[in-house]
Amino acid sequence: MCQLVIFSPHVLAANASTATSEEFAYPTVTYCIDPDWMPYEAIRNNQHVGMSSDYIIYIGVLAELDFQLVKTKSWSESLEKLKSGECQVASMLNRSPERERYLRFTQPFFVGPNVLVSNVEQAFFQGYENIGTQVVGAVAQYRQAEYIDNYYPHINLKLVENELAGLRLLADGDIDLFVGSLLSVNALIQKSGFSNLRIAGLAEPQDQLSMAVSNDDIELLNKLNVAISELPEWVHADIYKQWNNVRVIEEVDYRYFWIATSVFLCIIILGVWRQLLVSRYNKKLTLKNQQLQTLQKELLENNQRLEFMSVRDPLTNMYNRHFMQDRAAQEKQVSQRKNLPVCLLLIDIDFFKAVNDQFGHSAGDAVLVELATLICSTIRNMDVAARWGGEEFIVLCPKTTLGEAIYLAKRLKNQIRQHEFTEVGRMTCSFGVAEYLGPESFVDWFDRTDKALYAAKNTGRDRIHASCVELTEKTESEKLDSV
């Protein structure tokens, strides 16, 4: 039979001897990006956006690093700050001989093609061999410009400031071809309405995008390589689906149709009648194609919405129970495979029924939304929070010992106790904490956490219980003084 044991300051110190505020602060690492290279990366409204912004978050958690963006106005400025050491890391770039003079590169984590862009009158190209005397545009200090200069010096190369400037020159007829990344070029063509431009062929080599650090920071390079190797496949898939906007557009070339029709009209007068029939059919086909594109777009948006809703709580926008169970199963496997601790925190609002009875259910919903925001802003980046149901919330804490999880629960409890809820004022919560004890099932793990929560509520509420262990207000104060 389980007995309740009261934690003393000495026990808490043994379990979380280093559980200070500094424990949860990762080393700061500065990084630079290309401020205008969507969808890979950009600075918009002073914020880092694009694919690399999502990779930075995941890699930062896995490598336990706090990435701080150094804002720049151009890729050239970013490279200068990397050379000077003001930026320790480049978030997403290709390896090249020039850059290897002052940077070391991680293993690639994203591969994508480069393409040649032309106007609609140009033929298709396969590489650089048949370009001849035509003028090719490329972004200065991009890997493609360096590659052409090194291996195809005969090509008439015109350097531009960015990909948008190159596409404008191409649209105006000032250059014959432009080389760039498929995703970013396609996004610019669609966004800027360059209707007279098209993808005219692939350009070697393809992008193999990595992170890079200064030559002398081997330790940081090793950390980043380990984190990149640990990225699960679903992370790459989610980031690609979120930022990929490439659409393949097939256009019918009607020139041969009109030539054939003209010849046919010269042979027999009945060709006029056939031409009218074909014209009507093409109009119907175009209308059907437009309707099909609209339906496909709506289906994609609905699928994305359903995918989001399938893992989110509709009221609080937190993850839901289904998502938490899947993530907990993953962390159990990591814990068993690598012998790493992992903990659950179960949180229940004290006297929540009284809120609904006194203030109404809309006020109760407002409290749940406000508490969800408070929890998400207090937990660490690597923690995962979800609404379990009703007034219960759950937090999954990877790589966290029982002592560290208790310390996190204390931070949450104090934040909630001091918070003024908009509709109802001050409120408190009770906490149950349990560390995973392999090879138990998730149900057994959760049940132990749930029993700890009910022990906290049955002994006065506004308390923290770890499995069968009770923290009284007195011992909490003593621990707070000891850390």
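I take a disulfide to be a pair of cysteine sulfur atoms within 2.5 Å. By this rule I count one disulfide.

**Ground rules**

I am working with a predicted model, where local features need pLDDT of at least 70, side-chain atom pairs count only at pLDDT 80 or more, and totals for chains, interfaces and linings use all residues. Residues are numbered from 1 along each chain as its sequence is written, and side-chain values use heavy atoms, with hydrogens and water left out.

**Cysteines**

I started with the bonded pair. Cys32 is joined to Cys87 by a disulfide, with 1.7 Å from S to S. I placed Cys32 in strand 2 and Cys87 in the loop between helix 3 and strand 7, so the pair ties together parts that are 55 residues apart in sequence. My helices (H or I, at least four residues) and strands (E, at least two) are DSSP runs, numbered from the N terminus. Both Cys32 and Cys87 are buried; for me, buried means under 20% relative accessible area, exposed over 50%, and partly exposed in between, with a 1.4 Å probe and protein chains only. A reminder to myself: a disulfide is a covalent bond between the sulfur atoms of two cysteines.

Cys343 counts as buried because its relative accessibility is 0%. I found 0% for Cys397 too, so Cys397 also counts as buried.

**Helix 3**

Next I looked up helix 3, residues 75–84, and noted its buried residues: Trp75, Ser78, Leu79, Lys81 and Leu82. Seen down the helix axis, they fall within an arc of 160° (taken from the directions from the axis to the C-beta atoms), so they line one face of helix 3. What do the buried residues of helix 3 pack against? I found strand 2 (28–32), strand 7 (89–93) and strand 8 (103–105), with contact meaning heavy atoms within 4.5 Å. Just after helix 3, I noted a positive phi of about 90° at Gly85.

**Strand 7**

I then followed strand 7. Five of its five residues are buried, so strand 7 is largely enclosed by the rest of the structure. I call two strands paired if DSSP finds at least two bridges between them. Strand 7 pairs with strand 2 in the parallel sense, over two bridges, and Val89 of strand 7 has Tyr31 standing opposite. Strand 7 also runs antiparallel to strand 13 (residues 197–214), with three bridges joining them. There I found Leu93 opposite Ser210 of strand 13.
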